[in-house]
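Please walk through the structure below, strand by strand.

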Amino acid sequence: MIPGSNLLAQALTVITPSACLLWSETGRTLNSVGQWVSTYADPVTIYASVQAVPRSVYKMLGLDWQKSYVQFYSVELIADLTRDTSGDLLE
């Protein structure tokens, strides 16, 4: 192990990653009724490890028991929610 190396990038050489589509948020525009609507770039294919969130942590995270959740682990930069912007979309 080399200090500063990317452990996830190394793991994805052993674990088969899943192909995912990523739409990067590019900004916001006002629609015809004056609401801000996020705009996104064309989708690009990225590779990530997609893992189910264990049901045992749903209560701790405040998640809805009627839904299923996953976590994406990727070496790509993916924006989450921040002030005045939306997060990127993953499929």
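Which residue is the bridge partner of alanine 19 in E4? It is tyrosine 47. Keep in mind that this is a predicted model.

Strand E1 covers residues 18-23, and strand E4 covers residues 44-52. The two run antiparallel, and five bridges join them. Another pair to look for is cysteine 20, which stands opposite isoleucine 46 in E4.

Now turn to E6. E1 pairs with E6 as well, again in the antiparallel sense. Two bridges make up this pairing. Here leucine 22 of the pairing has leucine 90 in E6 as its bridge partner.

Step back to the whole sheet. Four strands form it, in the order E5-E4-E1-E6. The pairing is antiparallel and the sheet is open. Its edges are strand E5, residues 70-74, and strand E6, residues 89-90. Each of these edge strands pairs on one side only.

Next, the pocket. The largest pocket has a volume of about 180 Å³. Which residues line the largest pocket? They are Val70, Gln71, Phe72, Ile78, Ala79, Asp80, Asp88 and Leu90. E5 gives the largest share of this lining, with three residues.

Methods
Residues numbered from 1 in each chain as written. Predicted model: local features only at pLDDT ≥ 70, side-chain atom pairs only at ≥ 80, totals over all residues. Heavy atoms only, no water. Pairing = 2+ DSSP bridges. 1 Å grid on protein atoms, 1.4 Å probe; cavity = no way out; pocket = protein on both sides within 12 Å on 5 of 7 lines; lining within 4 Å. Points joined across faces, edges and corners; volume = space filled by probe spheres on them.
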